[in-house]
Amino acid sequence: MLRKKSLLALLLSLCMVVAMVPVAVLAAGTGMPQNIRWAESPKSMVQWDAPSGGGQYQYELRLKLGETIIDGPDLTVQRYHLFNGSLMTEARENYTVEIRARSCIIVGEFPNEYVTSPGEWGDWA
């Protein structure tokens, strides 16, 4: 009888621990943008496709030349970003754009939107 109670207590404890794991932690990194590319014009604009699976995301971007961060980090909820073109002194192919995302709730309409309930940031891509 004591063994059954111990097993049941262990099982219930495990269920409680699993239930306490925040959903944002499980969703971190699931909103990675797809098809990151430079725009035709202006030359300092980068675009990407919406993450698969839907949802609302906030993106953080940075522009790197080698290991040096040239511009950013910048935050946006749009699927495009315009870097400071005067900082880009070399051909676009020499730069690396890194983006990471986190789930959030976006309230309002562009350009007056704001972000609430942000999740954890995913990895840089």
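Visitor: Where is the place of P42?

Guide: This is a predicted model, in which local features need pLDDT of at least 70, side-chain atom pairs count only at pLDDT 80 or more, and totals for chains, interfaces and linings use all residues. Residues are numbered from 1 along each chain as its sequence is written, and side-chain values use heavy atoms, with hydrogens and water left out.

P42 is placed in the loop between β1 (34-38) and β2 (45-49). Strands here are DSSP runs of E with at least two residues, numbered from the N terminus. The peptide bond that joins S41 and P42 is cis, with omega about -5 degrees.

Strand β1, on one side of this loop, contains N35. The phi of N35 is near 55 degrees, a positive value in a residue other than glycine. N35 is partly exposed, at a relative accessible area of 47%; buried means under 20%, exposed over 50%, and partly exposed in between, with a 1.4 Å probe and protein chains only.

Two further sites may be set beside this part. A cis peptide bond also joins G72 and P73, with omega about 5 degrees; P73, however, is found in strand β4 (residues 68-76). S117 is not a glycine, yet has a positive phi of about 50 degrees. S117 lies in the segment after β8 (114-116) and is exposed, with a relative accessible area of 52%.

Terms used:
Helix = DSSP H or I, 4+ residues; strand = E, 2+ residues; numbered from the N terminus.
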